[in-house]
Amino acid sequence: SYTSDTKSRGENKKIIESLYRLSVDIKKIRRLKEWVLLQDVAYVTEIAGILQEMGADETAVANILERCPEAILHTPAEINSQRALWQLVCQNEKQLIKLIEQFPESFFTIEYHENQKANILFFQELGLKNNIITRFLTSAPNIFYNPVEKNRNVIETLQRNYLSLGGSDANMKIWILKLLSQNPFILLNTSTAIQENLEFLQKNDFTDHEVLQLLSKLKGFIFQLTPTTMQKSMFFSKNVFKCSDQELKQLVLKCPALLYYSVPVLEERLEGLLKEGISVAQIRETPMVLELTTQIVQYRIKKLSALGCNIKSGTLESLNGTKKDFEVNYGKIQSKKERPIFNPVAPLNIED
């Protein structure tokens, strides 16, 4: 019954039968990656065997093959090489199989095996901890597809700029490792793009120290921008806040999101705030609110209003920050409101 589907005419029956024996949902593969079932050669039993050897149970094997059926098209030798490679950064096979279950596509992309190996060794040599490298392998696998020379080149450009902007030799390694762990995608940029973005900031009168400050605050995301997009965002902010170049620079240092977000995003967030009755003057005073989405702002205003706080007058500080920051502030405001006005154990003031 499992091969009676009309689509199955060109499918390889042997592959279907082997997958069926492993309790793999064939319909799911047909829906998502039917081309795998049309191949002449596959190594279903062998790949399942390797996964089981690493500690995957029947359900885990079925899940992995459903999510990444192309795994069965690789030879056992290729998969064992990949297994040895990932073991360079995994504590043990238990951790490795857990990662494969969560990110099968990353593990079974073996076309760049040599680049992956060279990059893993380069990252280790750079001083990145193995747990960070495993995070990169699963969440940013494409940085390993680059030739190692390209990644080395980007890192050297960053190091060179860090020193030329006044960063110290002693702190450079920590700075680079922190930047990389926050945003590994900076390695997908070219050295030229990095250089152009830094020069753009310097041309806009940001001092070397301020440029370094922005790099750290933006966690390297600045390299995913272009001078044109940054120029547009700054021009938009200057018009909205009606400020001088110097004042704009201070606003950007206070809130790098003004540089990072595109004009349509800034426009939408600004409109959302204005609709809530917040003034441009208030936003200029606390520009960091533009880092929050309109939905988050609305949710926070609603919660604070329920406590009797009027956001329209005064500062927007209570709206700011991460979810955790907001919850802490909200808790403080709440406990103040709930405190009794008359404290029966307080000493009496005679003059009262």
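**Figure 1. Ile29, a buried residue of the predicted model.** Ile29 is buried, with a relative accessible area of 1% (buried means under 20%, exposed over 50%, and partly exposed in between, using a 1.4 Å probe and protein chains only). This is a predicted model, where local features need pLDDT of at least 70 and side-chain atom pairs count only at pLDDT 80 or more, while totals for chains, interfaces and linings use all residues. Residues are numbered from 1 along each chain as its sequence is written, and side-chain values use heavy atoms, with hydrogens and water left out. You'll find Ile29 in helix α2 (helices are DSSP runs of H or I with at least four residues, strands are runs of E with at least two, and both are numbered from the N terminus). Leaving out residues up to four places away in sequence, Ile29 touches Leu19, Val24, Glu34, Leu37, Leu65, Glu66 and Pro69 (contact means heavy atoms within 4.5 Å). For a sense of scale, Ile29 and Gln224 sit 195 residues apart in sequence and 35 Å apart in space, C-alpha to C-alpha.

**Figure 2. Leu19 and the largest nonpolar core.** This core has 108 residues, and Leu19, Leu51 and Phe108 touch the most other members. A nonpolar core here is a set of buried Ala, Val, Leu, Ile, Met, Phe, Trp, Tyr and Cys residues joined through side-chain atoms within 4.5 Å. Helix α11 (residues 169-182) gives the most to it, six residues. Domain 1 (11-110) and domain 2 (112-217) both contribute residues, so the core lies between them; the domain bounds come from an automatic or database domain assignment. Zooming in on Leu19, and leaving aside neighbours within four places in sequence, its contacts are Val24, Ile26, Ile29, Leu37, Val44, Leu65 and Ile72.

**Figure 3. Where domain 1 and domain 2 meet.** In this view, 13 residues of domain 1 are in contact with 14 residues of domain 2. The C-alpha centres of the two domains lie 33 Å apart.

Figure 4. Most residues other than glycine have a negative phi. Ser23 isn't a glycine, yet its phi is positive, at about 65°. Look for Ser23 in the loop between α1 (13-21) and α2 (26-33), where its 43% relative accessibility makes it partly exposed. Lys242 isn't a glycine either, and it has a positive phi of about 45°. Its loop runs between α14 (227-241) and α15 (245-254), and at 70% relative accessibility Lys242 counts as exposed.

**Figure 5. The largest pocket.** About 350 Å³ of space lies in this pocket. On a 1 Å grid over the protein atoms alone, a pocket is an open set of points with protein on both sides within 12 Å along at least five of seven lines, a cavity is a set where a 1.4 Å probe fits but cannot get out, and lining residues have an atom within 4 Å of a point. Grid points are joined across faces, edges and corners, and a volume is the space filled by probe spheres set on the points. The lining is made of Lys217, Leu218, Lys219, Phe221, Lys254, Pro256, Ala257, Tyr260, Tyr261 and Glu291. By class that's six nonpolar, no polar and four charged (Ala, Val, Leu, Ile, Met, Phe, Trp, Tyr, Cys and Pro count as nonpolar, Asp, Glu, Lys and Arg as charged, and the others, Gly among them, as polar).

**Figure 6. The second largest pocket.** This one holds about 250 Å³ of space. Its lining includes Met288, Glu291, Leu292, Tyr299, Arg300, Asn320 and Phe326. Helices α19 (294-306) and α20 (323-338) are the elements that give two or more residues to the lining.

Figure 7. A search of the whole structure turns up one cavity of 30 Å³ or more. Lining it are Phe236, Ser237, Val240, Phe241, Leu258, Leu266, Leu270 and Leu290. Helix α14 provides the largest share, four residues, and the lining splits into seven nonpolar, one polar and no charged. Ile283 lies in helix α18 (residues 280-285) and is buried, with a relative accessible area of 0%. Its contacts beyond four places in sequence include Phe241, Leu270 and Leu290.
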